[in-house]
Amino acid sequence: MKASWVIAVLIAFYFAGCKSENATISTVAPPSSSTGTVTHVSASGGAPFVHTQTMSQKADLYFIYTNGTSSSVSGTFSATAANQAPPKADLAPFDPAQIPQASLQGQDMGTWARQRGIGLRGTPEASQFNHRVQELSARYQASLTPKEPNFAALGDTHTFNGVFSGETPASTLRSVTTDGTVTVNLWVADDSWGTCSKKHCVTQTMVDALATKFIQTGSNNDIYDWVTNLYGTPWGSHSSSVLIPASNANSIDILLYDIQSDNSDNGGYLGVFYSRDNYLSTVVSSSNERLVFYIDSVMTATPTGTTWEVTDEWPGEMVSTLAHEFQHMIHFYQKNVLLSVVSSNTDSWIEEMMSMMTEDLLSDKMLVNGPRGVAYNDGTAGTSTDSSSRPAWFNYYPYLGQAYWANDNAVLYRYAINYVFGAYLLRNYGGAALAKALMTTSGDNQNTVVNALGSLGYTVSYSELIQRFQAAVLLSSQTNAPTNYQLNQGSYFTSTLNGVDYNAGSINLFGYGTGPKIFTSGLTSLDTTGGAIYKVGSSLSGTQSFTVEMPTGASLTVVEKP
């Protein structure tokens, strides 16, 4: 017989006053009944203490250690029951250079990705540059002469500056589509068109398919509509003398070319938004002076079988890439230009999280599987999951801190943990409304998330979010976890914004390989904003007491999982 959830939440002293969530904000329905308990323990760490758990039912017992501080914490982590020897420590401080699955071994990111059949979105250089608007505006105080938008006609030619230095793809305009307000131009590099020397060449059928996915007449029927409804327009009025004029908002360019000239049909750079193109060329000499992002032509043209379909594996990834990069384009204008948010390089994690949130929310609309790795038309956690999806990569290192970004050996895992954390936020705190709030709320780093939640009426600290997130990871195999601890309800999580419904499918992290890493012995350190799940007993019942030791700065969440 299914027992009811007993939610015992003892808020830690540094979470005082953080328990005023307004359940009416989100359209996600809380479970009508549930099983188990989640307890945030009030002890602060730094000295041994006794935790007593009165089991509400026979269940496995887990201790989740989290670190909500701004630096890593090190020391002894242990939970010792009566007549039990302290467990042996087995988790050393995280070092991305020691990750064998992702070692760069002196290669550049593109080479590394191609060897593993992995698609990358964005480049380290572009990500770093995209936060420089205030710096460059301050450098160029004099008024510069604005250049009018680059309008073009079908068949026109143009030589672009590509993403990487020395790339100058000569291109032809192959599609011009308008919805009555904005015009979208799809350019294709001449060496990728028709009968070309690449492994796969772009055809008019492919261009038309991408154009239809991105924009078409009517409302609420394309990527442009769905993404701008979430975040706002990609360009418009501004007061900067170093940026292209507001009238450029009427035209968006998408260039398909062989990024990095790798001729790869098995991974590499899939797409890039590079904000240097939003600057006047008198400020950034390589600027194309237009709203533009870049899509890899060879990967776009790669079929799964003998006949190309936009629903094939790699073309489907490219459709998802359109939404991913479009969020970056909007982010630059709405956040960096209008809100004047001065972000450090580490804040790239928020941008990447939001781009993956966008893919997640649009998956069933775009008819592509998206980062969840489950069929787009299956709202359940699925019976067949993609072993190369974000949740699958997350399971290797679920204890990494997500409020950090570096294009290092662990970048694939950073994408993964940022996706799963963003998926958790969407499914527990308002869905589409939260995505919008993240764009319109000022603040850097963790403050962006806390402030966005606050704007929706949720008062919760970032430290407690990490505790809740890690508990939701552990409970993702359940379809009836408590409110604020849900990743899986057995169906779509649906939210509505401006009359548009957005669906996010359920996620069971235990359905990917062997599931998230769970420790059975002690720890020695925790990454900042990281958390580790530690199993202390199986099929326990009655009253259980443990002597617990953890360093100052760590927090403890105890979960009974039937």
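This structure has an open sheet of seven strands in the order β5-β10-β11-β9-β8-β7-β6, with mixed pairing. Strands here are DSSP runs of E with at least two residues, helices are runs of H or I with at least four, and both are numbered from the N terminus. Two strands pair if DSSP finds at least two bridges between them. Keep in mind that this is a predicted model: local features need pLDDT of at least 70, side-chain atom pairs count only at pLDDT 80 or more, and totals for chains, interfaces and linings use all residues. Residues are numbered from 1 along each chain as its sequence is written, and side-chain values use heavy atoms, with hydrogens and water left out.

- Strand β8 (residues 183-189) and strand β9 (residues 251-257) pair in the parallel sense over six bridges. Val184 stands opposite Ile252 in β9.

- Leu120 sits in strand β5 (residues 119-121). At 3% relative accessibility, Leu120 counts as buried. Buried means under 20% relative accessible area, exposed means over 50%, and partly exposed lies in between (1.4 Å probe, protein chains only).
- Leu120 and Val272 are 152 residues apart along the chain, yet their C-alpha atoms are separated by 8.9 Å.
- His331 belongs to helix α7 and is buried, with a relative accessible area of 4%.
- Leaving aside neighbours within four places in sequence, His331 is in contact with Asn336, Glu351, Met354 and Met439. Contact means heavy atoms within 4.5 Å.

**The four-stranded sheet**

- There's also an open sheet of four strands in the order β1-β17-β3-β15, with antiparallel pairing. Its edge strands are β1 (37-40) and β15 (531-540), and each pairs on one side only.
- Neighbouring strands of this sheet are turned by 15° against each other on average, direction ignored.
- Helix α13 (residues 462-474) packs on the sheet, touching β1, β3, β15 and β17 (554-561). The direction of α13 makes about 145° with that of β3.
- Strand β3 (residues 59-67) pairs with β15 in the antiparallel sense over seven bridges. In β15, Ala532 is the bridge partner of Tyr65.
- β1 and β17 run antiparallel and are joined by four bridges. Val38 has Val559 as its bridge partner in β17.
- In a regular strand the side chains alternate between the two faces of the sheet. In β1, Thr37 and Thr39 point one way and Val38 and His40 the other way, and all are buried.

**Helices α10 and α13**

- The axes of helix α10 (residues 411-428) and α13 come within 10 Å and cross at roughly 100°. The two helices are therefore roughly perpendicular to each other, a label that covers 65 to 115 degrees, while under 35 is roughly parallel, over 145 is roughly antiparallel and the rest is oblique.
- From α10, the contact uses Val420, Phe421, Tyr424 and Leu425. From α13, it uses Tyr462, Leu465, Ile466, Arg468, Phe469 and Ala472.

**The nonpolar core**

- The largest nonpolar core has 161 residues, and Phe63, Tyr65, Phe214 and Leu425 touch the most other members. Such a core is a set of buried Ala, Val, Leu, Ile, Met, Phe, Trp, Tyr and Cys residues joined through side-chain atoms within 4.5 Å.
- The largest share of this core, 13 residues, comes from α10.
- Leaving aside neighbours within four places in sequence, the contacts of Phe63 include Ala532, Tyr534, Phe546 and Leu556.

**Two positive phi values**

- Asn484 has a phi near 80°, positive in a residue other than glycine. Asn484 is in the loop between α13 and β12 (493-497) and counts as buried at 10% relative accessibility.
- Ser539 has a phi near 50°, also positive in a residue other than glycine. Ser539 is in strand β15 and counts as partly exposed at 48% relative accessibility.

Technical notes:
Axes are lines fitted to C-alpha atoms, for helices over the stretch in contact, and angles run from 0 to 180 degrees between N-to-C directions.
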